[in-house]
Each structure stands twice: as C-alpha cells, then as structure tokens.
Amino acid sequence: MDPSTTVDISTGQPAGTGVRTRFTTGTGVHRATGNITEQYLARYEKAAAGVSDPAALLPVTGAQRRFLLARRLTPGGRPDVVPLFFAFPHGTIDLERLRAAAGYLAAAHPALRTRPDVLRGAPVQRLGAPEAQVHRVTPRPGESAATALRRTLLAWSAEGPPLRLFLADAHADAGAHADTDGDGTTGPVEILALALDHAVCDEQSLGRISADLGEAYGHGLGPGDVPQDRAAVEVAGYREAVRLQLDAERRASGPDALAYWARRIAPALAGGDANAGPGQPATQQAQKAQQTQQAQQAQQTSASAAPRPTGSLQARLPVRDGDGRATAFPVLLGACGSVARALAEAGAPGRTPLLGYPWGGRPAAAPPVLGCFLNTVVHPAFACGPDDLTTTWWDDLDHADTPFDEVVRAARTATVPWTGQLDGLLTFEDLHRRPPLELDGVAGREVHIDGRPLQAPFAVSVSYGTDLLVRLAWDRDAFPDGLVQDAFAALTTELSGEPTELSGKPTEPSGEPTEPSGQPAEPSGQARTPSATPVA
C-alpha cells in the first residue's frame, strides 16, 4: 500500500468551474444544467461522432477523468504512478522472459493498451497496439537500488505504455544480504519495480496483474500468444465495464446525493470560519487558507521546483486470533481522524480536517476486467464516539458512488469555497487478496520505497496480512517531525491498545528512504464486486 498515492483526489483546482449551484436545506441541490457525468457524456458523444476508428475510442470513468486533469497540471504531463516493489534473489529474473510476459499482459488486457487523449475538448482513451516497457536500472556511483528506482519513477515520461517494469541490483545496498523479514531469504538481491499509470488500475487490478504476470512468465508466454478472439472479448468487456461505471456515477449524482454531501461537508468548512482568531474575520481566514493551497499547488506544479521533503514512519502491529478490531475500517478511520485533528490543531485550531479514502469496485454486472473503477470518499474528521462514527460511515457508503468532483461541487454550494484539497489520505489493503509476485516458482518479498511525492499533507496506509503494517508519510514543510511522531505514536496505541515501537525517519528528496510500498481501497457498500484501488 502506497501512502504517496493520489487515489483520485482533487488537483486543488475548483471543481465544476463555471457551474454555480445553490444548496437549500431540505430541497436538495438545484443545478442549471445536468450533472458532471451527464455533461461529460454529452461532450464525448458529440466529439466521437464521425471519427474514423470508433472501435478504438472509449470514454473515461470519473476517476480517470480526474487523473487526466491532474496530469495536465503536472510538469511534463507526468501521470500518477502506482508502484509495487519486490525483492528477488540476485539472478532470479530473466529480463527477456519478463519483457515477453509483460507484453502478454498488454495484449490480453485492453486497459494496458489505452492511451489518454483529448478529442475536441473531451478527455478520451484510445486503444493502441500492445506495448510494455521493461528496463534494467543501473544505480549511479554511491546510489542505492532504492534511490535509483525512485529517481527512475520520478522521471516517468508522459509518452509510453501505462505498464512499465524496472529491475535494479541491490547487492551493494546496505543490509541487502540481511534476512530482514525473517523469511529465510539471504544473499544479494535484485529489486523489481512493477509500475502502472493509476488511470488504468485499482487494487483489484493489481492482484490480477501480479497473478497474470507470474503465470505468463512461468509458461514463457508473449504478446503473440493471446488469441484474437480472446482479445476481442476482453475489449468488449472493458467497454461494457466503463459504460456501466459511468451509468452508476450518473445515477449517483442526483439532487438527493448532492444535498447529502453538502450537508456532510459544509459544517466542516464552516467550522474553520467559526473559530477564526481574534482580529481575523472568517472571510480573511478562508482567503488565507485558499491562498496557501494555491501557493502549494504553484510550488508543486512549477517545473523548476525541487521535490518537497517527506518523512515516513511505520509500525507492525500483531493481529490476534479472533480480534478483528484493528482491521475494522471504521476503527482505522477514527484513528486516522485523530491524527488529522492533532496535525490540523497546530496550524488551524478548531478546524475540522477533511480526509479522503479510496472506495469502490466494478458495478455488479460488469465483467471482471482490469481498469480504474474507484472513487475517493470524503470524511469530515469530527471528534465523535465509535458508534456514531460507524453509523455515519455506513451512511456515507450509501452515497459512495457520487463522483468526487460532484462532491466538491456540492460542497461549494456552502458559504465557504472548497477547492477539493484534502488534509490527509487513508488507504487500506488486504494482502490476502494480493499475494506476492511469483516468478517461475520464486516468490518475491514485497518491500517499500518511500520518498516519492505526496498528494496530501499526510497519508496513512494500512496493509493487513499476517500482521498489520501501519505507515505514515508526511510533507515535512507542512508539519514538524516531532508533532508527526507524537501523532503516529498515538495512532498505533489507539489501534493496538498498547505503546508500539516505531521505525522510520525523514526522507530528503535525494536521500535514502525507510521502506516502500503498494496500494488499496475497499469494496463499496453497494452491490458491486469486491475491489479497491491501489494508490500512487
């Protein structure tokens, strides 16, 4: 699970620009035009009319649409990247065999053959020839494999396939010979980074990609081994899944759903105004907060700006037999809310922070194809008891299909504008649904490489396997290290019920990390297939 993932959060720009709405309690949200999904589909159908190759053209889901918008605001058009890292005994991986297996995946799964495009003002995805990149990364003098892989991912070119694999020797790294996880692996290792454009994958996709890659590698398959009839069936299934996802998003964007989210978020937005400091009117506080967000966005999107320094902490908590409390999502959400309030209190006392977490899955009737079928659910982190939190969470899940940009637009009907910027992210991943990558009978050991850009001031990721791996990454320009360490200690104590030994350290943009990652999300409370996302 990767705390640097974007998980389809806002770009920080006002959502629904040009469409002003008004919220009236009890009467819903009144819109002068259709919802965002309806508007997009109308633009897409108009733009797609008369194209020379309609079979290669598809619309994009709501999550994909927001990822593509974020890409346009990023220097060089770099996408949000979801990486998984696996350590194998040195010499295990045959690079040409791996390249063939990656090509097989690209030929078998239409999502891995898509390229983003803009057609007459409408974002679209186009099907192309199967392609995957597989490269060996050579660390520079004095550079570790982790640093070399992180540097390579940061240099991800906007042109090229959405599936890329990078292999780096780690035998010169400090501790590379150690049996760090107690799994019996000794000797020099090499680290394989399996990376994807987040616009083509979610958590369910990650599990299938790992399984299919291992199977193709084990059987020596390549792109020419995918039968044409199977490829055609997969394309039809992907097109149908996208259509059903957009239909679900359209239905979830009605007046009642938007009124619900306006009621949920408006009190949190108003809370900061109500607690404005002496001599600082509420409007001035709102303007200052918006100016701060804009300044942060300008720094992040400046081509010449260096990566912001990040820190990371992690702790492993035992999972006791018959004790599922620590893995219950409302418990994680409540604990993460405590962290958010502790961090927010230092800079904006009395303000209620807004968290985001990925949630979703394919619509129930959709084929089980790879793709990006998720949403980010907003959680106002009010202080409340566990019963109230659980009840509210279930209510949120009843409206979890409302696209994030629609939620932002509904919230902007309140008196305080919101750009969609989240204070923190929470991701949860059940590792039982995504076993480690296995190549020709050799199972890779998943490792974590931190230090990549964050899409929120802080991010908490929780991986549930034989134990509970809790990780926190934060923007060191936003929070002092000591404050975050105290908040993280409180988080792990709340989850485990006892003090926990922490590990980790701040990570400079060019320095070494503590460990690196994966991705997550949970299945929706609606009638949808179990899924989630990964992260970026």
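Ground rules, quickly. This is a predicted model, where local features need pLDDT of at least 70 and side-chain atom pairs count only at pLDDT 80 or more, while totals for chains, interfaces and linings use all residues. Residues are numbered from 1 along each chain as its sequence is written, and side-chain values use heavy atoms, with hydrogens and water left out.

Helix H1 comes up now. Helices (H or I, at least four residues) and strands (E, at least two) are DSSP runs, numbered from the N terminus. H1 covers residues 36–48, which makes 13 residues. Does its length agree or disagree with 1.5 Å a residue? The expected span is 1.5 Å times one less than the number of residues. That gives 18 Å, and the end C-alpha atoms of H1 are 18 Å apart, so the two agree.

Now the faces of H1. Buried means under 20% relative accessible area, exposed means over 50%, and partly exposed lies in between (1.4 Å probe, protein chains only). Ile36, Thr37, Tyr40, Tyr44, Ala47 and Ala48 are the buried residues of H1. Looking down the axis, they fall within an arc of 95 degrees, so they line one face of the helix. The arc is taken from the directions that run from the helix axis to the C-beta atoms. On the face turned away from that buried side, H1 carries the exposed residues Glu45 and Lys46.

What covers the buried residues of H1? The cover includes strands S3 (57–58), S5 (114–119) and S6 (122–127). It also includes helices H2 (62–72), H6 (228–251) and H11 (404–411). Contact here means heavy atoms within 4.5 Å.

Both ends of H1 have a detail. At the start, a side-chain oxygen of Asn35 comes to within 3.1 Å of the backbone nitrogen of Thr37. A polar contact is a pair of N or O atoms within 3.5 Å; within protein, one must be able to donate a hydrogen and the other to accept it, and residues adjacent in sequence count only if both atoms are side-chain atoms. Just after H1, Gly50 has a positive phi of about 80 degrees.

Three of those covering strands turn up again. S3, S6 and S5 make an open sheet of three strands, in that order, with antiparallel pairing. S3 and S5 are the edge strands, each pairing on one side only. Two strands pair if DSSP finds at least two bridges between them. S3 and S6 pair over two bridges, in the antiparallel sense. Leu58 stands opposite Gln125 in S6.

On to salt bridges. The rule is a side-chain nitrogen of Lys or Arg within 4 Å of a carboxyl oxygen of Asp or Glu. The count comes to 24.

Start with Asp117 and Arg126, which meet at 2.7 Å, N to O. Asp117 counts as partly exposed because its relative accessibility is 30%. Arg126 is partly exposed too, at 31%.

Next, Asp202 and Arg362 meet at 2.8 Å, N to O. This pair links distant parts of the chain, 160 residues apart. Asp202 sits in the loop between S9 (189–197) and H5 (203–218), and Arg362 in the loop between S11 (354–359) and S12 (375–380). Buried or exposed? Both Asp202 and Arg362 are buried.

Third, Asp423 and Arg351, whose closest N and O atoms are 2.7 Å apart. Asp423 is in the loop between H11 and S13 (424–430), and Arg351 in the loop between H9 (329–347) and S11, so the pair ties together parts 72 residues apart in sequence. Asp423 is buried at 17% relative accessibility, whereas Arg351 is partly exposed at 30%.

There is also a network: salt bridges link Arg65, Arg66 and Asp405.

Back to the loop between S9 and H5, which also holds His198. His198 is buried, at 0% relative accessibility. Its side chain reaches the backbone oxygen of Cys201 at 3.2 Å.

Last, two backbone angles. Arg120 is not a glycine, yet its phi is positive, about 50 degrees. Arg120 lies in the loop between S5 and S6, and at 61% relative accessibility it is exposed. Asp440, also not a glycine, has a positive phi of about 55 degrees. Asp440 is in the loop between S14 (438–439) and S15 (442–443), and at 46% it counts as partly exposed.
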